[in-house]
Structures are given as structure tokens and as C-alpha cells.
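I opened my notebook to look up a few things in this structure. My entries follow in the order I made them.

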Amino acid sequence: MKRLATIILLTALCIGASQKATAQEDYRFDAGGGIGMTGYLGDANTSSLWSNPGIDGMLLFRYMRSPRIAFKTGFYVGTLSGNTEDMTDVLPDAAQFKFSTTFFELCEMFEFNFFNYGIGEKYRKLKRWSPYITGGLGATVWTTDGYTGVAVTLPFGIGAKYKINERLNLGLEFLMKKTFSDKLDGTMLSDPHAIKSGFAKNTDWYSTLSVTLSYEFSKRCATCNYR
């Protein structure tokens, strides 16, 4: 009996040591950056989002509340442009306009992963990749033809994450961003059809399509054995 008890105890200790050595650590924060492409919809482009693509760079800081929920702060810098000569729509007096600008955006986003995102114990049903939906609130600053504007934005979209390893994440994200301004493309195009601006009319939109790389840090629970 003593020999059997010793064998059972040693087996249990070996299993426990093995589990501790291979267990996935949870991290609370994620930081990184990315690059990508921008698109614009407004009075200088009413149909094709990618007719005058621009570029963007971004920084992100993410608080991971759980394998399903995260909160992200994003800072974007990008270029936008448009040209009414590319449109089928005809402006009054056959006027033609074009613009280009650089924007700066700061936003707070909520993310919901469709799967429990992570690498680790099978009982937690973690997956190495997950699509997600996201939405939030932001502010954008830009300058077009000498006019400097500031507007509230509503960013929303979809994305996907993949864990390269325990702490390194690769992402792809597409966001549409509604601006509460009709002057993103300049003051000359703020009201070309003499239609009063509203929530659904004459306000400008832009998009970002970004590839991101981020790194997790700050262990959530470095010593506890029960989650």
C-alpha cells in the first residue's frame, strides 16, 4: 500500500509539473502598429471607395478583458484624395474639384471575438485565430486647401486575428468611418448641390484597411493555479 501510494503521489506530481510547464499565461495588454490603405466617399467620389486609394499607418493599445472581449485605443495617420472628374455625377455649372489631405485620428473601440482567442488549455476552448466585429467613437483632424477641420467620427468594421506565438499577434482589420462633417474634402465641396447636410446626406466617409502586428505583456495571473 505504501509503495502504491508513493507511485500515485509521484505520478500526480509529475502531471502537475508538466501542466504548469505547458500552461498558457494570460496577458492583459497588447500593443503594436500597422500599415494599410485608405478609401474615401464624399462629394468628390460618390460611388467607388477605392478609386483614389491612400495610405495609412496606425498604433494600437489593447486591453484584453477576456478571450472574447477587448477594448482598443487606436491612433491613425493617413492620406485621402478625390477628384470629381472621375464621377458620373455632374455638379452644377459642370464644376470640377479635386483635393488631397492628411488626417489624424484617435479612437476608442470595442472588440468582440467570435471565438475564445488564445493559445492554451483545451478545456478553455481557446482558438489560435478568430474573426471579430468592432465599433466605437473617435475624433479626426485634417487640413484641406487651407481649411483645418475637426470632426467626431463613428468607426465600425470587421477583422481577424491570428496568434503567431504565445504573445505575438497578426491582424487584418477593415473599418468604415463616418465623419460628422461635410468638409473633409474642403469647403468648396461642402454643399455642391445646395442640399442641407444631415446624418445621412452630404457627410463624408473614409475607410482604413490595415495589417497589424502586436505584442502582449503584463501577466494577468502569474502565480495562481485556479482560474
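Which residues is threonine 144 in contact with, leaving aside its neighbours within four places in sequence? I looked this up in a predicted model. I found Phe99, Ser100, Thr101, Leu184, Asp185 and Gly186 in contact with threonine 144.

Next entry: burial. I placed threonine 144 in strand E7. Threonine 144 counts as buried because its relative accessibility is 0%, and the cut-off for buried is under 20%.

Then I followed strand E7. I noted that E7 spans residues 129-144 and E8 spans residues 147-163. The two strands pair in the antiparallel sense, over 14 bridges.

I stepped back to the whole sheet. I traced a closed barrel of eight strands, in the order E1-E2-E3-E4-E7-E8-E9-E10. The pairing is antiparallel. From one strand to the next, I read an average twist of 25°.

Now the core. I counted 15 residues in the largest nonpolar core. Tyr40, Tyr76, Leu80, Phe103 and Leu184 have the most contacts inside this core. I listed the elements that give two or more residues to it: strand E2 (54-64), strand E3 (69-83) and strand E4 (98-113). E4 gives the largest share, four residues.

What does leucine 80 touch, not counting residues up to four places away in sequence? I wrote down Thr38, Gly39, Tyr40, Phe99, Ser100, Thr101, Phe103, Leu184 and Tyr206. Phe99, Ser100, Thr101 and Leu184 are on the list for leucine 80 and also on the one for threonine 144.

Technical notes: Residues are numbered from 1 along each chain as its sequence is written. This is a predicted model: local features need pLDDT of at least 70, side-chain atom pairs count only at pLDDT 80 or more; totals for chains, interfaces and linings use all residues. Side-chain values use heavy atoms; hydrogens and water are left out. Two strands pair if DSSP finds at least two bridges between them. Axes are lines fitted to C-alpha atoms, for helices over the stretch in contact, and angles run from 0 to 180 degrees between N-to-C directions. A nonpolar core is a set of buried Ala, Val, Leu, Ile, Met, Phe, Trp, Tyr and Cys residues joined through side-chain atoms within 4.5 Å. Buried means under 20% relative accessible area, exposed over 50%, partly exposed in between (1.4 Å probe, protein chains only). Contact means heavy atoms within 4.5 Å.
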